[in-house]
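Please read them with the structure open.

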Amino acid sequence: MSTKGTHIPDWLKVPFAGITPGPSQEKGQDLFPTGNWRSIRPVYRDKMPPCNNACGTNEKIQGYLDLVKRGKYLDAYALIKEDMPFPSVTGRVCYHPCEQACNRGQYDEAISIRAVERFLGDLGLALPRDVVQAGPPNGKKVAVVGSGPAGHSAAYQLARMGYAVTILEKSPRAGGLNRGGIPDWVLPQDVLDREVDRLKELGVTIKTNTEVGKDVSWDDLERNYDACVLAVGLTEPNKVKADGEDKPGVVHGLPFLRDIGMGTSKVKVGARVAVIGGGNTAIDCAREAFRQGALEVTMITVESNPQEMPAVPEDLHDMLEEGVELLHGRAMTAVLGNGTVEALELRPARFSGAINASPITIDKNAPAQRFAVDNVIVAVGQHASLDWLPAKFKTERNTIKVDHFGRLGDSKFFAAGDIVQLGTGQPLMVVNAVGDGKRVAFNVDKVLRGEALRPRMLATDVIVDLNRMNMTYFPHFDRVKQDTLNPASRRKTQDEVILAFTEEQAVEEANRCFSCGTCNACDNCYLVCPEPCIIRYDRSNGLYKILVDYCKGCRVCIEECPTGCLEGVPELDFDTGVVRMETAFAITQGLHGRQADELKALPQRAAKEID
Amino acid sequence: MATAAASRRTVRINGCVAAAQAAKYADVDVITAYPIRPYTATMMALAQMVANGELDAEYIVADSEHSQLSMAHGASSSGARVFTGSSGVGVQFAYELYSPISGSRMPVQMMIADRTLDPPGDFGSEHTDALSTRDMGWLMGWSCDAQEAFDNHLLAFRIGEDPRVLLPQMVCQDGFFVSHITADVDLPDTGQVKEFLPPYKHPYPLDPRHPVSHGPQIMPEQGPPLQLERARAMEGSVPVIEQAHNEFAQIFGRKYDPWLEEFMTDGADVVFFLQGGHGVTARYAIRHMRERGAKVGMVRMKTIRPYPTDRINEVLSRFKVVGVIETNMSLGCVSSGGVLYSEVCGALYESATRPLVLSFMAGMGGEAIVLKEFYWMTQKMLDVQKRGGIEKRTHWVGFEE
């Protein structure tokens, strides 16, 4: 009898004929680890979706859209508030570079991200108390000059980190460009008011009617605060330097909108209004002119066609819908009229150059054209008023000179927003100012905590290639359109032109999101794993756990991941990679684990036995 | 499953039909089949039984023997009693499945009607087809006539399905000499079979209500314990086989030695050692030669797996010369002849009085071994006895003077 006297040690005991219980959710196949067959390991590695990457303040768009999908609106709102102090504002005014970058745009239509952001922002404003709270006070004081987008954002982030923040605002009301540069029918005043209130609720002090250089000196700032963020923006309108530009009846874009916004406007526009300029402010002015009583509005641009205009296409579309006429390839060379504006002198002109730096070539020899108007609004950009700034911090563009971190030399001063971004190629948009304010706030924090400022060395893997995702899982769906007021009726009202999403619309639109490169807990890997060795680890944040002792590296989960967040990483890249010779059978669970313990105990036992 | 009740009667049937009858009496649940002569007659008989309602079973005709055995494996895994069978190269084509079936401890029963392996196509009986699978963990033995075939099929189900054993069984019979020669077969009462053969019950059948994994992948160190347990099952079948034969005798009235049949071995100096149907002819030849004074006898092995080593050692040590009739071929082996020589010699090695052993290549290709050849072989054994030593280990009978 060959089997007489044989003994199978406990740690090698196997069930009858190797028949094992059915694999369980928690343990997989406990007895027979197959993980050592693997040459690659599936790893959940979230990538940067193009929307998040394109956003000026890097809102975690894929994250809040996913939460909206699941009906977790409050969580979504909290997530958006990490990067954006006022989603109700940007949900209305943003030029949404995220939507231009959206991968879904290559497939059918981009996600209407801004509309969902507005849905969340309005939801946040309706809360009796904000979800965001000030950090524990750290006893340090920071001044923020200006309450526009950059100043608001910097103050918000600093307050969250526990700083005592004081905003110095030269106007009678806080809001900066949000109030003075954006018409009511885009951003109602009460929405902005509530967002400013939210900022005050965080403990931020806002001193209005306080102008640096007049009410507060540079030295005061330096003496009274641990740090200061200059976010003064571009407050002075550019002029075209045409004859008669100082006549009554000639207004400039920014003051025109600002006075209406602040409620201090004395302008009464006539029946025929011309707007000089082709940017976003010019568009707002043209549309505002209708609402101030104009009957005919003509926009005169040096650009030779609408595509060249540095404007958001859908705003241009809405403007044309309202009846504004376009006159291209002309520059205003003089304002004609005796005491009042009667007509403009126009000459053919050509725009050549980049945004924010506009060399214009005017054909002086061509015959002048007379263009009859009652008013003209000049909206050809803004510049800064920096008389109070020490000369060493000024650039030749009349902006503030900062280093890579937004800091003025080694001083306690930092600057953010349009005042540093003008001329850098960065579009002067609300969201970019918000992002700049946020980053500068974090840098202020680092300096005040005595940490070194280091450039971010993040290599971002932006997922823009649809081939990296599995498109078979995404049926085509049309974008949910935001309703708008009838163009004919909206010309006479300050009511919002673009209407909000309903909850159903917001969810439907969020549902279209691909979640590019990020795990959205779709369960696909969990379902397709043939082993099965993927377990639901924590459904709430969409993570799964791969039981590496059983994963054979078959790649099925990787191939079938709709969003492309799963990657096959070679085993050799891991210290504990199973294909290394010394760890060929290095299994930690199941029978092997017991065997490993047994083997480890062997030398000690042998020593005892020898004794 | 229910089978029509039948009472005890004697019928004249061949070995193939006897095997089919045994499957019917065992009330098998699943039959997997693929035609190849001479086994085809068994599958035909079973098809008739299922068609006319005598037997309620799933009858699956496969596309090849490989599929046939795979289906048998799967059906057995689900807890069914499974009957299948084949011959010659058909047995070979299913080779991949033999170890998995025994390794997963599925008591599939396979009827083998031997057929010579190709080339060229030869219908005759030679045991090489089944013998080549002898180390795959199947219980295995040869019957010498239709009645013994019927009985061995019932015995094999009883032994293989015993919870102490759980191993598949090959119940072999010579093609044509047994499979196609009719003989009187005593068919039992169904009640007797019910008493002898309890319903099959696998401990862990595939069942969606109680999920289990069969045949998973294992780590290298997990193989040896499973192999050891399979070896234990094979060895552990010995007492089960003996117990089954005893109970068989009590219920059916036919008493077999489960391992060896001894024929006229009293006072014998030389004996033939063989398996299967040639034992019937050998009995006639031995009777003749005994009448002429030659002290010759026969030992016929009934079960080769598990191999009755000690019994063979004990029995064959009583003689001076053993002549192994191979009826199989093992090219380039120990004796340059067949498989049985080395199996016999291995069992005898530790004997203090071991006989001289000759290997006879007889019955090859399915040829009958005629009386004249038995006489010739007896003469060779007597010469060796007289000489006290072996001059030539292996003889190709019919090709030498």
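1. Which residues of helix α13 (residues 313–322) of chain A are buried? The model is predicted, and in it they are A:L316, A:D318, A:M319 and A:E322. Viewed along the axis of α13(A), these buried residues stay within an arc of 160°, so they line one face of the helix.

2. After α13(A) comes A:G323, and its phi is positive, near 110°.

3. Chain A as a whole has 20 helices and 21 strands. It runs to 611 residues, and 53% of them count as buried. Take the contacts in chain A between residues at least 6 apart in sequence: 72% of these join residues at least 24 apart.

4. On to the cores. The largest nonpolar core has 97 residues. Those with the most contacts inside it are B:L154, B:M170, B:F273 and B:L316. Helix α9 (residues 223–252) of chain B contributes the largest share of this core, eight residues.

5. B:M170 deserves a look of its own. Neighbours within four places in sequence are left aside here. B:M170 is then in contact with B:Y98, B:M110, B:I112, B:A130 and B:T133, among others. Its contacts also include B:W138, B:L139, B:M140 and B:G141.

6. Is B:T42 buried or exposed? Its relative accessibility is 0%, so B:T42 counts as buried. B:T42 sits in helix α2 (residues 40–51) of chain B. Beyond its neighbours within four places in sequence, B:T42 is in contact with B:C16, B:A19, B:A20, B:F83 and B:M111.

7. How many cavities of 30 Å³ or more are there? The count comes to five. The largest cavity holds about 210 Å³ of space. It is lined by 18 residues, and the closest to its centre are B:G141, B:N152, B:A156, B:I159 and B:T303. B:G141 is also among the contacts of B:M170.

8. β6 (139–143), α7 (146–160), β7 (169–173), α9 and β13 (303–305) each supply at least two lining residues. By class, the lining has eleven nonpolar, five polar and two charged residues.

9. Next, the second largest pocket. About 1,000 Å³ of space lies in it. Its lining has 41 residues, and A:N58, A:H404, A:R439, A:N443 and A:R456 lie nearest the centre. By class, 16 residues of this lining are nonpolar, 13 polar and twelve charged.

10. Which helix gives the most to the lining of the second largest pocket? α15(A) does, with eight residues. In chain A, α1 (50–54), α14 (418–421) and α15 (430–448) each supply at least two residues of that lining.

Definitions and conventions
Residues are numbered from 1 along each chain as its sequence is written. Chains are lettered from A and ligands numbered from 1 in the order in which they are written. This is a predicted model: local features need pLDDT of at least 70, side-chain atom pairs count only at pLDDT 80 or more; totals for chains, interfaces and linings use all residues. Side-chain values use heavy atoms; hydrogens and water are left out. Buried means under 20% relative accessible area, exposed over 50%, partly exposed in between (1.4 Å probe, protein chains only). Helices (H or I, at least four residues) and strands (E, at least two) are DSSP runs, numbered from the N terminus. The arc is that of the directions from the helix axis to the C-beta atoms. A nonpolar core is a set of buried Ala, Val, Leu, Ile, Met, Phe, Trp, Tyr and Cys residues joined through side-chain atoms within 4.5 Å. Contact means heavy atoms within 4.5 Å. On a 1 Å grid over the protein atoms alone, a cavity is a set of points where a 1.4 Å probe fits but cannot get out, and a pocket is an open set with protein on both sides within 12 Å along at least five of seven lines; lining residues have an atom within 4 Å of a point. Grid points are joined across faces, edges and corners, and a volume is the space filled by probe spheres set on the points. Ala, Val, Leu, Ile, Met, Phe, Trp, Tyr, Cys and Pro count as nonpolar, Asp, Glu, Lys and Arg as charged, and the others, Gly among them, as polar.
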